[in-house]
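Good morning, and thank you for joining. I would ask you to keep the sequence and the structure in view while I speak.

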Amino acid sequence: MTDRNNTSDSAPAATSLPASRRSAHSAVREQVYMIFPNDLNNNDTVFGGLIMSQMDRLCAVVADRHAGAICSTVGVDAVHFLKPARRGDVLIFSACVNRAWNSSMEVGCRVEAETVAGTERRHILSAYLTFVAQDADGRPQPVPALVVETDQERRRFGEAQLRRESRLAHAEAVKRLRTPTTTGPAA
């Protein structure tokens, strides 16, 4: 995954994709999931893994739409379970592309829980997923740049770059720690 400003020729050139797309082009707003008894754990709250699975599927749709290609999840970070969802709640998922680089993009997801009566809605989870677009041979392919238009989109765009830089720095630090040295044992 390289930045759009990188002049590397590692990814093949896209032929029919637009140079850029607006966030609204691929965003999904208010996709609902009704909670049933089989979705609950022993505390009568929704299994976190169920929410994460639904979130990944929805974010994959957003990434695929933006890229105009099949995308694979390569990372999930900053998953924050803020409040539980309970029996009788309806989950409401919203997701959009926060930033696109060369072949990768960050998709942000917000999940809210609402009572069946619709009288209370609470923010229960936020997460950021990284996807890579792939060509027919499974190789990374370029994605359109993201056009940001609103203050909220500009904030998400900037924050996504900070998260990416943090992920890359962390990966490099782990790589250095795992590199065998001549003075110590190999991992």
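The secondary structure of this protein consists of three helices and seven strands. Please bear in mind that the model is predicted. Read from the N terminus, the order of elements is β-α-β-α-β-β-β-β-β-α.

Turning to the chain as a whole, the protein has 187 residues, and 40% of them count as buried. As for contacts between residues at least 6 apart in sequence, 74% join residues at least 24 apart.

Let us now consider the surface. Which residues make the nonpolar surface patch of about 300 Å²? They are Met 34, Phe 36 and Val 116. Met 34 belongs to strand 2, which covers residues 28-34. Its relative accessible area is 43%, so Met 34 is classed as partly exposed.

Met 34 also leads us to another residue, Asp 89, for the two are in contact. Asp 89 is located in strand 4, residues 89-100. Is Asp 89 buried or exposed? Asp 89 counts as buried because its relative accessibility is 4%, and the cut-off for buried is under 20%. Leaving aside residues up to four places away in sequence, Asp 89 touches Met 34, Ile 35, Ala 113, Glu 114, Thr 115 and Arg 122.

Definitions and conventions: Residues numbered from 1 in each chain as written. Predicted model: local features only at pLDDT ≥ 70, side-chain atom pairs only at ≥ 80, totals over all residues. Heavy atoms only, no water. Patch = residues over 30% accessible without salt bridge, like charges linked within 9 Å, V, L, I, M, F, W, Y side chains within 5 Å. Areas by Shrake-Rupley, 256 points an atom, 1.4 Å probe, with all protein chains shown as cover. Salt bridge = Lys/Arg side-chain N within 4 Å of Asp/Glu carboxyl O. Helix = DSSP H or I, 4+ residues; strand = E, 2+ residues; numbered from the N terminus. Buried < 20%, exposed > 50% of the residue type's maximum accessible area, 1.4 Å probe, protein only. Contact = heavy atoms within 4.5 Å.
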